[in-house]
Amino acid sequence: MTQPESVSAEQFGADFYQNPLAYFARMREERPVTPAVLPNGGRAWLVTRYADVRAALADPRLHKDWRKMAPPDWESDPVNGYLSVHLLNADPPDHTRLRKLVTKAFTARRVAGLRPRVEAITAALLDAIEARLAAGEETVDLIEALAFPLPVTVICELLGIPLRDQDQFRAWSNAVVSSEGEPGSFRAAGLAMFNYFTSLVAAKRANPADDMVSALIAASDSGDSLDERELISMLFLLLIAGHETTTNLIASGTLALLTNPAELARLRSEPARLPGAVDELLRFVNPLNHATERFTLEPVEIGGVTIPAREWVLCATASANHDSGRFPAADRLDVGRDAAGHVAFGHGIHFCLGAPLARLEGEVAFGALLSRFPSLSLAADPASLRWRPSSLIHGLETLPVRFA
Ligand code: HEM
């Protein structure tokens, strides 16, 4: 067993953002469970092999409730106390109680009912692209035109958030998930979102509608199911989780298909492969580099290495999905592959609540894009594309494409 004291930390440079898989490939080989210093200076233990990642994600000794780790005054801060008491920072029994409140809205059956609406939103966005092309534009940023507005519109409609606020949300949520922002920008964005949700809840409380915000307010007002801080945190999580990731599935997935023309042609000629291909794209592109933080309260052995008590642990799901021990020739995109078992949506009790919705949005977006634009192509050298400076989110800044 490796003693942590004797292990030097893996240092991540800013090039990690551009090519995280290169770091992970080396780490899987040389030091699959290791302390690391992230590009922004944060420290955590990284777990990179498939079997270890899957086991760690289901390990109850890896905790998520920050109150067990944070200083006592942590919760009195509005950004912490009102935005952070959500599912991803909760352990059972709180996690079980909170998750039950939202599970019904996101089951595969409920989500299947949203398909016509997701198709209509997608069609309208593609119509807008066609109008821009007709007006003489040659290249379009696919993120701005489709990959961002589709999931944001869907989650805003589900929650009952006015669409006119979506651009504002994009800026706030970018600041919240960025690892490299100005020191105050996370707090400023967090406070702005806290203020926004507080007034939204007040408005919906006065005038309830047929939406999830109103349903959660009713649950909150009816007794002990969730308090006001948990309500605001839930809205914050659903909004951020509901679009940051799916945007990157659509954009990075399109890039993966355009840079693997044989796979793109295969998918075009066999559209029935689309649902399976969405999972293969998730495995291949990984909208998240790693799951959200967990921490130890006692020494925990993972893959033969003992992680001491009170250490942060990151399960590198992107790395696990590229482990050739689990997925043969894992660095190859293969739209015919059975990608079941991938961990792009996590594993265990925190498995992505929105997985059916994300799959639906991916299927509709890729399906419509490929069938309506047979000449879709990249309008930039793939090597010149920039990835966002976030250790968690792996997503392109822009994706310039041509449609003719
Ligand atoms: C391609 C898109 C998506 C990806 C790759 C993704 C990925 C993930 C992952 C890896 C986790 C587990 C994190 C952890 O264990 O630390 C997670 C949890 C979660 N996701 Fe997603 N997600 C996506 C889309 C969505 C959407 C559309 C929603 C919509 C509401 C959503 C809501 C959530 C929530 C609420 C959780 C927390 C669940 C819990 O802690 O019980 N996600 N997601």
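This report describes helix packing and selected residues in a predicted model.

## Basis

The model is predicted: local features need pLDDT of at least 70, side-chain atom pairs count only at pLDDT 80 or more, and totals for chains, interfaces and linings use all residues. Residues are numbered from 1 along each chain as its sequence is written, and side-chain values use heavy atoms, with hydrogens and water left out.

Helices (H or I, at least four residues) and strands (E, at least two) are DSSP runs, numbered from the N terminus.

## Helix H9 and its packing on H13

Helix H9 covers residues 149-159 and helix H13 covers residues 228-241. Their axes come within 9 Å and cross at roughly 155°; axes are lines fitted to C-alpha atoms, for helices over the stretch in contact, and angles run from 0 to 180 degrees between N-to-C directions. H9 is therefore roughly antiparallel to H13 (angles under 35 degrees count as roughly parallel, over 145 as roughly antiparallel, 65 to 115 as roughly perpendicular and the rest as oblique). The crossing of H9 with H13 is right-handed; a crossing is left-handed if the near helix is turned anticlockwise from the far one by less than a right angle, and right-handed if clockwise.

On the H9 side, Ile155, Cys156 and Leu159 meet Leu235, Leu238 and Leu239 of H13, where contact means heavy atoms within 4.5 Å. By class, this contact of H9 with H13 has six nonpolar, no polar and no charged residues (Ala, Val, Leu, Ile, Met, Phe, Trp, Tyr, Cys and Pro count as nonpolar, Asp, Glu, Lys and Arg as charged, and the others, Gly among them, as polar). H9 is mostly covered, with ten of its eleven residues buried (buried means under 20% relative accessible area, exposed over 50%, partly exposed in between, with a 1.4 Å probe and protein chains only). Ile155, Cys156 and Leu159 are among the buried residues of H9. Just after H9, Gly160 has a positive phi of about 95°.

## Helix H10 against H13

H13 also packs with helix H10 (residues 166-177), at an angle of about 95° and with the axes 11 Å apart. H10 is thus roughly perpendicular to H13. Phe169, Ser173, Val176 and Val177 of H10 meet Phe236, Leu239 and Ile240 of H13. The contact of H10 with H13 has six nonpolar, one polar and no charged residues. Leu239 is listed in the contact of H13 with H9 and in that with H10.

## Helix H14, H18 and Ser252

Helix H14 (residues 244-258) and helix H18 (residues 355-372) pack at about 40°, with their axes 10 Å apart. This angle makes H14 oblique to H18, and the crossing is right-handed. The H14 residues in contact are Thr246, Leu249, Ile250, Gly253, Thr254 and Leu257, and those of H18 are Ala358, Glu361, Gly362, Ala365, Phe366, Leu369 and Leu370. By class, the contact of H14 with H18 has eight nonpolar, four polar and one charged residues.

Ser252 lies in H14 and is buried, with a relative accessible area of 3%. Not counting residues up to four places away in sequence, Ser252 touches Val285, Trp387, His394 and Leu396.

Thr34 is in strand S2 (residues 33-37) and is buried, at 0% relative accessible area. Its side chain makes a polar contact with the side chain of Arg31 at 2.9 Å (a pair of N or O atoms within 3.5 Å; within protein, one must be able to donate a hydrogen and the other to accept it, and residues adjacent in sequence count only if both atoms are side-chain atoms).

Phe351 sits in the loop between helix H17 (317-321) and H18, and at 30% relative accessibility counts as partly exposed. Phe351 touches Arg99, Phe345 and Gly346, not counting residues up to four places away in sequence. Phe351 and Ala291 are 60 residues apart in sequence and 9.9 Å apart in space, C-alpha to C-alpha.
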